[in-house]
Amino acid sequence: MNHTILAISLSSIANSMHQSLQALLGDGFALTATEMLIQGLSLIVFLVILCFYLGWMERRVAAFMQIRLGPNRVGPQGTLQIIADTIKLLLKEGLTPNSSDKFLFNLAPMIMVITSFLVVAPLAFSKDFQLWDINIGILYVSAVSSISVIGILMAGWSSNNKYSLLGAMRSGAQLVSYELSIGLSLISIVILTGSLQMSDIINSQSNGWWLFKGHIPVIISFVIFIIASTAEINRAPFDLAEAEQELTAGFHTEYSGMKFAMFLLSEYINLFIASAIAATIFLGGWMPLHLGNFEAFNHVMDFIPGFVWFMGKTMFIIFIIMWFRWTFPRLRVDQLLNLEWKYLLPISMINTIFITIIAIYGWHF
Amino acid sequence: MKLLGDDEISEDGEFIINMGPQHPSTHGVLHLKIWLNGETIIKVQPNLGYIHRSIEKMSESLSYRNFIFATSRMDYLSAHINNLACALTVEQGLEVEIPERAQVIRIILSELTRLASHQLWWGSTGLDLGAVSPFFYGMRERESILEIMEETCGARLTMNFMVPGGIMADIHPDFQRKTKAILSQIKTNIKEYDDLLTGNVIFEERTKGVGIISKEDAISFGMSGPCARASGVSCDIRKWFPYSGYEKVQFEEILETSGDCYGRYMVRMREMLQSVSIIEQLIDNIPEGEIQAKTKNVIKLPKGEFYQKVETARGELGVYLVSDGAASPYRIKYRSPNFSNLFALPQMSKGAKIGDLVAIMSTLDLIIPDIDR
C-alpha cells in the first residue's frame, strides 16, 4: 500500500522545491517567507482556475439536464467561454450605490473570498501534499467556514436594499442552523477515527473508505453532510439567500462587476471545499479504491495517482450537488428551518449515538 | 366577503417592498406593493397601468376586420382564442353561417393554443418555484406547436388568423400529420412533466395548502378558468355556453376542490390531456369545403349590442361590442380573465410568505398585457 509507482508525485515535486530553495536561501526567515509566497500564489491560481472550470462544468451539466447544449463556441467544447466572461466582468464598472455603507459594501466580497481561501489550507490533495496538516483540521474547517455568514450579512445590510436585507437575514438563520448538522456528521467520523487531523482520518481509511466500513450510520451521516453542506454553501434547493424569483438576487442584488464575481468565486470555492471534505472524510481522500483480496485490481488502482483519486471523488460529489440544483424546486424559508430542526438535527444526534456505540465495540470493519 | 381593511394599514414605519414593475417572477410589468412583517405578508396591493396600450379605445377607429388583430396583443399566449372571440362577436351581428371546415379548424387551433399556453405556464411555474429545468421541457413541446402555427398562420405568437366569417387561409398540407405527431409527443412526455415536478416532495410542500381561495370567494371575485375550477366552481364556457362547435366534441370539465396552488396546478395538467383528446376527435374528421363565409368587403354591423364569451387558457374572455351602424365599432369592452383573477391575489396571499406569493402568482398564470389593455 501507498507505494507510489509513478516516479514523480506531487509531494516529491514539493520536496525538491523545498530543498533547492533551502540550498539557495538557507534556513531562515527568507526561506519561510518565499515558501509562503509560493504556496499562497499557487493556491490562488489553482483555485481560480478550478472555479473557472467548475463554472463551465455547471453550465454544461445544466445544459445536459435541460436538453440543450450549453457553451460550446469559445474554445474546444466552450472551455474558454468562462475566460471571456471573466474579461467581461473585469471590464465592467463596479458600482457602489450612493446610499450604501461604502466601507462595508466593499469589504463584504473580500471577506467571502478570503474565508473561502482560508478553508482550503488543511485539505490533503495527495499523499503528503497538504498546506497545513494541523492537528485540529476538522475543527478549523468548520470554524473558519462559519465566518462567511458575516460576509453575507455585511453585504445584505450595507447594500441598503430591502431585498438584500431579506436575503441576508434568511442566510443568517440558514447558516447558523445547518452548521449543527454539518458539525454532527463530521463528529461521527472523528469519533470513529479518534483524531481531528486530516492526515489521520485519511490514513484510517487505508483498508477501506468510511462510507463502506461504518455500516448504515455512516451512510446516514454522509447523506446528512451532503444535504447540510448544500444548504451551507447557499445552493439550490437551499439558495434562499439569493432566491432569484423571490428576492431578485438576494444579498448580492446591488453588486456588479468584479465585486459580484468575487461572490461567485467564493460560491464555487465553497462548493469545491464542501465536496473535498466529504471526499476526504467519507470517501478516503486520495486513497485509491481497493476491493478486498483482488490483488490485481488493487495494483491497477494504485497506478492512478492520489491527486486524480482526490479530484475524481470531489468532482463526483460536485456533480451530485449540481444535479440537486437543476432538479429540485426551492424550499420556503420556514420549511428550510423545519427540515433542519425537526428532521436533520434529531436524526444526526441519534446517529451520533449509534456511531459512538459502533466505535466503542469496534463493530466497524 | 370582507376585504382586507385597507385603511387599517398605513405606510409609515412599515416594511414595504415594491415587487415589480421589474421583477423576475411578475412575468411582465406588474407592480405589487407588499407590506411585510419579517417574511410574512400583511397586505398586497397590485398597481396597474405600466403596459396600457388603450386597445379598447383604439378599436373604435379600426374597421371590423382590423380590430380583431389588436386582441392578439392582449393575452398573447391565447392569441387564437382572443381573435376567435372577436370574430364570433362580429359574426353574431352579421348573422352569417360559418362553414363546417372553418369551425373545426378554429377549435383545433384554439386547443393547440391552450396546450402551448399551459406548457409555457408549466415551465414558468417550475422556474418560479426555483426549479429551472422544467422551463426547458415545457418549451420543447410548445416549440413544436408554434412550428405548426408558423406553417399555417405565418406567425408564432400574434397569429391574427381568425377573420369574420371563418379563417384567413386554409391549413398547411402538413398540418394534420404534424398535429398528430405533437399529440403523441405530448402524451408520452406528460409523464416526464410528472416525474420532474408533480410528485416532488419539495414541490408538494410549496403548493399544497398555499394560497387557498374558497368557492364563495372565487365566485365573488369573478374568477374564471382553471383558477376558479380549482376551487370547485364549474365555469367552463365551452361546456356551459358552447360556441364554434364545441357542443359536438366530447370532453370533461376538470374540477378540483382544494382551491390551493396544487389544485390549480392539477387542473391545468389534466386540462392538457382533455385538449389532446378534443384535437384527436377532430383532426381526422376535418370536413371538406369552404373556409370562409361570404362577407362584404367593408363590414357594417346593424345598430345594437353584441356580447360573446369564450374560454381562453386563463378563463372567461368576454367581448362587448356596441355598434351604431358605422364601419367601425362604437365601443368595445373586453372582460379579461386575468384582471379578475389578479384581484383575488391580495385575499389569497394574506399571511403567506414571500415564497408563497411567488407560487400563488405563478399558479394564477397571470399575463400582464391582458390585465392592462
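In the predicted model, helix H7 of chain A, which covers residues 162–193, has 32 residues and reaches 46 Å from its first C-alpha to its last, a span close to the 46 Å expected at 1.5 Å a residue. Just after H7(A), the residue Gly194(A) takes a positive phi of about 80 degrees.

Within H15(A), a kink of about 35 degrees lies at Leu344(A), shortly before the proline Pro346(A). Just after H15(A), Gly362(A) takes a positive phi of about 65 degrees.

The contact between the two chains takes 25 residues from chain B and 21 residues from chain A. On the side of chain B that touches chain A, the elements that give two or more residues are helix H4 (100–128), helix H5 (133–153), helix H7 (201–207) and helix H14 (354–364) of chain B. When the residues on this side of chain B are sorted by class, eleven are nonpolar, seven are polar and seven are charged.

Chain B also contains an open sheet of three strands in the order S1-S2-S3, in which the pairing is antiparallel. Strand S1 (15–19) and strand S3 (40–47) of chain B are the edge strands, and each of them pairs on one side only. From one strand to the next, the twist of this sheet averages 20 degrees. Strand S2 of chain B, made up of residues 31–37, pairs with S3(B) in the antiparallel sense over seven bridges, and Trp35(B) stands opposite Lys43(B) in S3(B).

Another open sheet of chain B has three strands in the order S6-S7-S8, again with antiparallel pairing. Strand S6 (304–311) and strand S8 (331–335) of chain B stand at the edges with a single partner strand each, so one side of each is left without a neighbour in the sheet. The twist in this sheet averages 15 degrees from one strand to the next. Between S6(B) and strand S7 of chain B, which comprises residues 316–323, there are eight bridges, and the two strands run antiparallel. Within this pairing, Phe306(B) stands opposite Leu321(B) in S7(B), while the bridge partner of Tyr307(B) in S7(B) is Tyr320(B). The hairpin of S6(B) and S7(B) has four residues between the strands, and in this hairpin Gly315(B) takes a positive phi near 140 degrees. Helix H3 of chain B, formed by residues 79–94, lies across S6 and S7 of chain B and runs at about 145 degrees to S6(B).

Conventions:
Residues are numbered from 1 along each chain as its sequence is written. Chains are lettered from A and ligands numbered from 1 in the order in which they are written. This is a predicted model: local features need pLDDT of at least 70, side-chain atom pairs count only at pLDDT 80 or more; totals for chains, interfaces and linings use all residues. The expected span of a helix is 1.5 Å times one less than its number of residues. Two residues are in contact if their C-beta atoms, placed from the backbone, lie within 7 Å. Ala, Val, Leu, Ile, Met, Phe, Trp, Tyr, Cys and Pro count as nonpolar, Asp, Glu, Lys and Arg as charged, and the others, Gly among them, as polar. Two strands pair if DSSP finds at least two bridges between them. Axes are lines fitted to C-alpha atoms, for helices over the stretch in contact, and angles run from 0 to 180 degrees between N-to-C directions. The bend at a residue is the angle between axes fitted to the seven residues ending there and the seven starting there.
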